[in-house]
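Have the model open as you read.

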Amino acid sequence: MKLQKMHWHSVSPETLLTGLSANEKVGLAQTEVQQRLIDNGANRLTPRRGKGALLLFFSQFHQPLVYILLLSGAVTAFLQEWVDSSVILGVVFVNAIIGFIQEANALKAINALAQALNISATVLRDGQRRTVSASDLVPGDIVYLQSGDKVPADLRLLQCRELQIDESALTGESVPVQKRPATLDESTGLADRTNMAYSSTLVTYGTSLGIVVETGDRTEIGLINKMIGSATELETPLTVKMSQFSLLLLWVIVGMAVLTFAVGVWRGQSMLDMFMASVALAVGAIPEGLPAALTITLAIGVSRMAKRNAIIRKLPAVETLGSTTVICSDKTGTLTQNQMTVQAIFAAGEAFQISGSGYTPDGEFSLDGKTISPSHYPALHECLKAGLLCNDARLIVEKDSWCIEGDPTEAALLVVAHKAGLHHANVSDDHPRLDAIPFESQHQFMATLHHNLAEDERHVYLKGSLESLLARCDSAFDSQLKRVPLDKEVLHRQLELMATQGLRVLAFARCDHCSNAVQHHEVDGGLTFLGLQAMIDPPRPEAAASIAACYRAGIQVKMITGDHPVTALAIARQLAMKQTEQVMTGSELQGIEENHYSQLVDKYSVYARISPAQKLQLVKALQANGHVVAMTGDGVNDAPALRQANIGVAMGQGGTEVAKEAAAMILTDDHFATIEAAVEEGRGVFDNLVKFIAWTLPTNLGEGLVITAAVFANVALPITPVQILWINMTTAVLLGLMLAFEPKEPGLMLRGPRSPEQPILTKHLIFRICLVGVLMLAAAFGMFRWELLHGESLAKARTVAVNVFVFCELFYLFNCRSLNYSMFHVGVFSNLWVIFGVVSMTLLQLLFTYWPPMQTLFGSADIGLNEWLLIIAAGIGVYAAVGLEKLLIRQFIK
């Protein structure tokens, strides 16, 4: 029997049992199970077939930047410069290994989902209860559920006894969902299907009997698995731009080399000489240090982010954060604490507010804005005691933090009582429980009977919905615990007020009792109303400030959650999010074609009751509108969108393994504020990358122009290929890489995000690169010719030219510490690595110039003081020219 996908929640149990040829009393026969396993397959997720290890490794070499490095290595090997060739090819190999490891780890999300199904299940087969592996379940199996079970497959519930299931990882719902077997309308959304139990969700309370309707890839979590596999991992803005830039650079270098060769041969020079000149030009124009600088700068960004509680799993994600234009955040556990907290209590006609959030029992009570002591308000005190006693949860300390055992709603009642000085152990000892009526959905209340030892009285405490308790109450307590007439209208108004704030409200009542047991009929009437306690999963304390910082940085923030619309909107307003006039719900999105999503995604900031598929489509729609999207989340339901987003951000503490594996970045502290810090670091990383590129390209341009000028002028090459490699490799390591350690410039988070269409190099930077390249050409070629005209040797003239390039780069390095201001703006000594690099490079050039082994290796020669003065003057001239250019641009922009 192979099944067709159906809306199982809208099918009656009788029709379902008939359609699946199942018997609720006997279950399936073992022979039928075997046949259905053959027809439908095992109840496990199919892993997506990926690249083999060898192909994955070699794919790391398939990028233009690596082509440039391979070409550099081949040229240096051709020149028999084995040390330089080994260094270049070594960088390529190390980069390939790093990329291979990261990409292999990044594809574990499917495996994490598959492991989620590796559990057992209790089923009814051949009339007997059996425990089997969840992978052996088939459609039509009758499954038993009880508290603590992980749901083994998608089930249609046939019977429920106070069943509550935690679906937060799947739907984003903050609290366990009360389940009941009643048939629902076909249009009912995923989060509202109370007659279904979905694979990998957790039973927190009660028992149930259900029938398996979907297994393996056909379950809701299986559909998420498919979406993760189909979600496109987009290239980051940096990888796109670097690929385009490298490809352009590659063709420019090849074109210049061919042109130089052709012109030289046309002018009658030997082909061998022109070939060596073309090789020299290519070596000079290739920025050998760029890929290594890219990797190292990103790695330094990773280290800095780790110190700020953000773990990067994919290096380019560092920069992507700096390009982010929209952050799509889940609500539960990301913007909120995923810890229900009582924030308001209404007792004896007075509305009390309670500070503090989460399960830590720290907070104050206030009335009309003034702090009060709960012990001075008997009615409030009694309402708190009712919430503490009529309760099955536990509040414990674990690893220096407060945790709960049991229902989050009941835990919130314990925490607020603790804030008032009512500790569970002490109060329970003074009021031992004698009997209880457990919560049942048809009655909508829970009742516990206690013996007040101090006064030798018995009291029944009830908690439940306001409607259920009001029907049983005929009086209320005033502020001194004296019975007064019950004003139901006031209570209904208070309930509506709390509900509009997104608060979940519980009512409390009490009655006197004379026996040691309590029955339903004994609490049908005559109760005294105690009050209302209103709670919510509160926003994280730092989230509002972080969202405000994102807005200042030009980044939109959107909440996409599976929770209720009123709750989502209330949280959004507490966080001061923009566009909170209305909320878009999943049911409303169902009526909109997907190709129209892009027309509405920029109009709303709050999306509620959103399914995983819709969350994925919203991210795609934002990307279609040109946004760079960062998606944050912690649940299984977030995984497809995390993978689709330009950068997925998972919660490290409260997040599921599936979410972590699908994400590019993990927050170890689960704070939304860490995202703001990561964005700031990402912008700083990109700034430093641009600084390095703006620093290194003038040298490559100048070297290429010097070779071209020599060929056109029909004179000896001012610098040889080996000398070019010396310049490029040593300066890249000792000078250029020091820019990777530059601190972030002031006002970084007051700038808007970069446009994804903006190139790495702006017109101003291209002009600066050309300016510095021409200045290097003029100084190096000019001093090279000057030395020859004054009868100096070719070796000495070339040594002067090499030092001109190096010291022009050295002085230009100080210009590049800030792209728009002088180095005094960022602080001369704010990056001591630059000072270290400058000193080291100077010492190395002295060795290059005067140490005999270096003279033999590179063809250098001794130079005098006059030459050094001219070389330093050339460097100072470059620094002054660029400083003047910056000043003029700032004045022009103003």
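A residue is called buried under 20% relative accessible area and exposed over 50%, with partly exposed in between. Arg433 has 36% relative accessibility, so it counts as partly exposed. Its salt-bridge partner is Asp392, which at 42% is partly exposed too. Keep in mind that this is a predicted model.

The Arg433–Asp392 pair links distant parts of the chain, 41 residues apart: Arg433 is in strand β16 (residues 433-440), while Asp392 is in the loop between α14 (378-389) and β14 (394-398).

By the rule used here there are 23 salt bridges. Three of them look like this:

| Pair | N to O distance | Separation in sequence |
|---|---|---|
| Lys615–Asp330 | 3.9 Å | 285 residues |

Now for helix α2 (residues 30-40), whose buried residues are Val33, Arg36, Leu37 and Asn40. Looking down the axis of α2, they fall within an arc of 105°, so they line one face of the helix. Those buried residues pack against β1 (120-125). On the other side of α2, Thr31 and Ile38 are exposed. Just past the helix, Gly41 takes a positive phi of about 85°.

Conventions: Residues numbered from 1 in each chain as written. Predicted model: local features only at pLDDT ≥ 70, side-chain atom pairs only at ≥ 80, totals over all residues. Heavy atoms only, no water. Buried < 20%, exposed > 50% of the residue type's maximum accessible area, 1.4 Å probe, protein only. Helix = DSSP H or I, 4+ residues; strand = E, 2+ residues; numbered from the N terminus. Arc of directions from axis to C-beta. Contact = heavy atoms within 4.5 Å. Salt bridge = Lys/Arg side-chain N within 4 Å of Asp/Glu carboxyl O.
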